[in-house]
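Here is a short note for a colleague who is opening this structure for the first time. The points are numbered and can be read beside the model.

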Amino acid sequence: MRIRLGRRGAPGLTAVCAMVLALGMSACGSGGEQPADLVAGKQQFVAKCGSCHVLNRAETKGVTGPNLDDAFRQGLADGMNRQTVRGTVYDQILYPAAVAKDSPAYMPPKLVEGRDAVNVAAYIAAVTGKPGKDTGALANAIKPAGTGKPAVAKDGLLSIAADPGGQLAYVTDKATAPPGPLDIESPNESSVDHNIALELDSGDEIGNIVKDGGVSKISVDVDPGTYTFYCSVPGHREGGMEGELTVKE
């Protein structure tokens, strides 16, 4: 999910915040009033929205959409309450600002809806701009990404899966392989587009972009040394989706 911060001709989150403040800081949509499950909201946010947005408490680092800790900072400082933030985010989820579908900043309407939209909006509103880390049940809602054991090539095949929860990470950021021909695959169970690519002196080898159980693949011939593997989807490597491949005898 990409919550827009505005473009010419379409009010974005900053403009919406200003209008809400001017109208007396009432919550925007019905999603601002319904009971919410913050744990489910965090899980849905990370899976659907974290690849595009920074949100400190969720530990997401997406850069193609606005930084959600910054988006409401001034509004909250000026007196906007978090219930109003929740309603504003809920409305933005259902009716985002128009942007071309081929743009990295495109956010489809109702990427999450129903109870999921209510929960995501409530979670964002509860934690935006807050320092520190989530505690209690929220602290355990998401398994830390990229902390798995190093991937090891076997019989010329190296498998490095994308994080199944949709975070900007592979399940591990370390891999090893012997020199020579090597097939590298990256299964992606999440609904977020990812692929696998490898930096080479002769030019990067870039795999197909996949989601929902697809497998991105590349074939390379590697000499001993250290290489960087990464996701080439715009904003994903910048958000931290990369790792180190060590090739040795």
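1. α6 is mostly covered, with ten of its 13 residues buried. Helices (H or I, at least four residues) and strands (E, at least two) are DSSP runs, numbered from the N terminus. Buried means under 20% relative accessible area, exposed means over 50%, and partly exposed lies in between (1.4 Å probe, protein chains only). The buried residues of α6 are A117, V118, N119, V120, A121, A122, Y123, I124, A125 and V127. They pack against α2, β1, α3 and α5; contact here means heavy atoms within 4.5 Å.

2. A word on the source. This is a predicted model, in which local features need pLDDT of at least 70 and side-chain atom pairs count only at pLDDT 80 or more, while totals for chains, interfaces and linings use all residues. Residues are numbered from 1 along each chain as its sequence is written, and side-chain values use heavy atoms, with hydrogens and water left out.

3. The length of α6 checks out. At 1.5 Å a residue, its 13 residues should span 18 Å, and the end C-alpha atoms are 19 Å apart, which agrees. The expected span is 1.5 Å times one less than the number of residues. G129 follows α6 and has a positive phi, near 80 degrees.

4. Which residues of the largest nonpolar core touch the most other members? They are F45, L55, V89, I93, V120, Y123 and I124, in a core of 27 residues. The elements giving two or more residues to this core are α2 (38-48), α3 (68-71), α5 (82-94) and α6 (115-127). α6 gives the largest share, eight residues. Another core lies apart from this one; it has 24 residues, among them I160, A175, I184 and V220. A nonpolar core is a set of buried Ala, Val, Leu, Ile, Met, Phe, Trp, Tyr and Cys residues joined through side-chain atoms within 4.5 Å.

5. Now the sheet. Six strands form an open sheet in the order β3-β5-β11-β10-β7-β8, with mixed pairing. β3 and β8 (205-206) stand at the edges with a single partner strand each, so one side of each has no neighbour in the sheet. Two strands pair if DSSP finds at least two bridges between them. β3 and β5 (residues 174-177) run parallel and are joined by two bridges. Across this pairing, A151 stands opposite A175 in β5.

6. A177 is worth a look. It lies in strand β5. Is A177 buried or exposed? At 5% relative accessibility, A177 counts as buried. Leaving aside residues up to four places away in sequence, A177 touches A153, L182, L245, T246, V247 and K248. The C-alpha atoms of A177 and V152 are separated by 6.1 Å, and the two residues are 25 residues apart along the chain.

7. Side chains of opposite charge can pair when their charged atoms come close. A search of the whole structure finds seven salt bridges. A salt bridge is a side-chain nitrogen of Lys or Arg within 4 Å of a carboxyl oxygen of Asp or Glu. One of them joins the side chains of D134 and R57 (3.2 Å, N to O). D134 lies in the loop between α6 and β3, and R57 in the loop between β1 and β2, so the pair ties together parts that are 77 residues apart in sequence. Both D134 and R57 are buried. K42, R57 and D134 are linked in a network of salt bridges.

8. Two further salt bridges involve partly exposed residues. D70 pairs with R73, the closest N and O atoms being 2.8 Å apart. D70 has a relative accessible area of 46%, and R73 has 42% relative accessibility. K174 pairs with D173, where the closest N and O atoms are 3.8 Å apart. K174 is partly exposed at 39%, as is D173 at 33%.

9. Finally, check two backbone angles. E59 is not a glycine, yet it has a positive phi of about 60 degrees. E59 lies in the loop between β1 (54-55) and β2 (60-61). D155 is also a residue other than glycine with a positive phi, near 55 degrees. D155 is found in the loop between β3 (151-152) and β4 (157-159). With a relative accessible area of 76%, D155 is exposed.
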